Amino acid sequence: MRDGRPVTVEVTADGAGLVSHAGSALLGQVADQLGLTRALSTRLRVLKQRRRGHDPGRVICDLAVMLADGGECVSDLGAVREQDALFGEVASDSTAFRTVDRIASTPGMLDALRAAHACARERYWELCGAPERLTIDVDATLITAHSEKENAAGNYKHGYGFHPLGAYADETREALAMLLRPGNAGANTAADHVTVIDRSLAQIPDANIEMIEILVRADSAGATHTTADHCQRCDLRFSFGYDLTDQVRSAILKTPEDAWIRALDQDDSERANGQVVELTDHVELGTWPKGSRVIARRERPHPGAQLSFTDHDGYRFQAILTDQVDTDIAVLERRHRQRARVEDRIRDDKDTGLQKLPFRAFALNEVWVEIVMLAHDLIVWTQALCLDGELANAAPKRLRYRLLHVAGRLAFSGRAAKLHLPARWPWTEALKAAFEKLKTLPATA
């Protein structure tokens, strides 16, 4: 209907100069501006077999842009391949697959890809400023496999697939590391947590690593002696969920009512429901690192929630293990609760290529996970550098519907091209401003 009158739309295939996914070109330009494309090209150049062949670094960068744009597999490169005026020359599906295969099969290339990622992160921190405090959130998730893929296995929820363990920077929303694991990998495998923490530290620029206070945060799966000891050896603070052991439950039940203090909301106000207390002097922590503390929290469950046999007097209890030295235990407990944001990061990555690992070989899927991490950060970096307001924090799906997937028309004059965006699209001005803002950033040295 148009103005209350029925309209018949005739569809033709004769449009000239039209491009779809025009906003996704912004992602590629951010990758170039931050030196990611060049870093990938430099570190992966040994994979290039022919002088006139596709640059492996550019291929990986195109795959990352495609995933950030909402693609799920290598063949989705076709959405941008035929628009070389906007996206440049994009490799064929078979060339892209061979690039991933060579990275997987050549020793050191996966580390080279991670090093290029760290190089671009260093440039991003130079532009936006390094955080004074960095919280590394470590958490695992389940990925379902619907076919027989290498190392896919049954998981603790009776599903089948993989059980990757990831790490994200809470303050900057960046992806730091992810370890792809079989579905039957243990949730509290200390060696895996140590590997992910070490890979995360390798992503922090050398110029900042000594000056930033770093906190490693995890649920009870991270509360192992090996992981806690490793954090202290690396001069990292930790905050882990802690099991309600018999000793902890006994200490909670012996705590007088006036010892509990109000928990805090995220805006620093007191919570109407929730109190905290420190139990460090009432539990044995001799086997844990020096300075370890236990803080417990109690709250009335929300209507309809089921209490367990470990709960008492209508309260639900939780505990954390930490070596932070802050005296305000309500602040420490609130800081630990903020790790819930890692679920948003994982959800975003599942919407950016992680949900469907496309290859049968495990080594190829390991490379794919690294490209997903690149795509995650391309979105975050683009939002921080080029966008404002709601779009600066929008989830990938919303960003795609409003900016990345918008259509446009390319007009050429000599060697110059002008991208005409829809005049009446509600977010056209935001996208135009993003392209213009990117041009004002200093070039990479």
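1. A search of the whole structure, which is a predicted model, finds 3 cavities of 30 Å³ or more. On a 1 Å grid over the protein atoms alone, a cavity is a set of points where a 1.4 Å probe fits but cannot get out, and a lining residue has an atom within 4 Å of a point. Grid points are joined across faces, edges and corners, and a volume is the space filled by probe spheres set on the points.

2. Some notes on the basis of the values come next. Residues are numbered from 1 along each chain as its sequence is written, and side-chain values use heavy atoms, with hydrogens and water left out. Because this is a predicted model, local features need pLDDT of at least 70 and side-chain atom pairs count only at pLDDT 80 or more, while totals for chains, interfaces and linings use all residues.

3. The largest cavity holds about 80 Å³ of space, and its lining is formed by Arg173, Arg345, Asp348, Asp349, Thr352, His376, Ile379, Val380, Gln383, Ala394, Ala395 and Pro396. Two or more of these lining residues come from each of α13 (342–354) and α14 (362–386), where helices (H or I, at least four residues) and strands (E, at least two) are DSSP runs numbered from the N terminus. By class, the lining has 5 nonpolar, 3 polar and 4 charged residues; Ala, Val, Leu, Ile, Met, Phe, Trp, Tyr, Cys and Pro count as nonpolar, Asp, Glu, Lys and Arg as charged, and the others, Gly among them, as polar.

4. The second largest cavity, with a volume of about 50 Å³, is lined by Arg114, His117, Leu176, Ala177, Met178, Arg199, Gln203, Glu370 and Met373. Two or more lining residues come from each of α7 (109–128), β7 (175–179) and α14, and the largest share, 3 residues, belongs to β7. This lining divides into 4 nonpolar, 2 polar and 3 charged residues.

5. Methionine 178, one of the residues lining the second largest cavity, lies in strand β7. With a relative accessible area of 3%, methionine 178 is buried, a term that means under 20%, whereas exposed means over 50% and partly exposed lies in between (1.4 Å probe, protein chains only).

6. Turning to open spaces, the largest pocket contains about 460 Å³, a pocket being an open set of points with protein on both sides within 12 Å along at least five of seven lines. Its lining has 15 residues, of which Lys418, Leu419, His420, Phe435 and Lys439 are the closest to the centre. The elements α1 (25–33), α5 (84–87), β15 (416–420) and α16 (428–440) each give two or more residues to this lining, with the largest share, 5 residues, coming from α16. The classes are 8 nonpolar, 3 polar and 4 charged.

7. About 380 Å³ of space lies in the second largest pocket, which is also lined by 15 residues, the closest to its centre being Gly241, Gln318, Ala319, Ile320 and His336. At least two lining residues are supplied by each of β9 (237–242), β13 (316–322) and α12 (329–337), and the lining divides into 5 nonpolar, 4 polar and 6 charged residues.

8. Finally, valine 11 is placed in the segment before β1 (18–19) and is exposed, with a relative accessible area of 73%.
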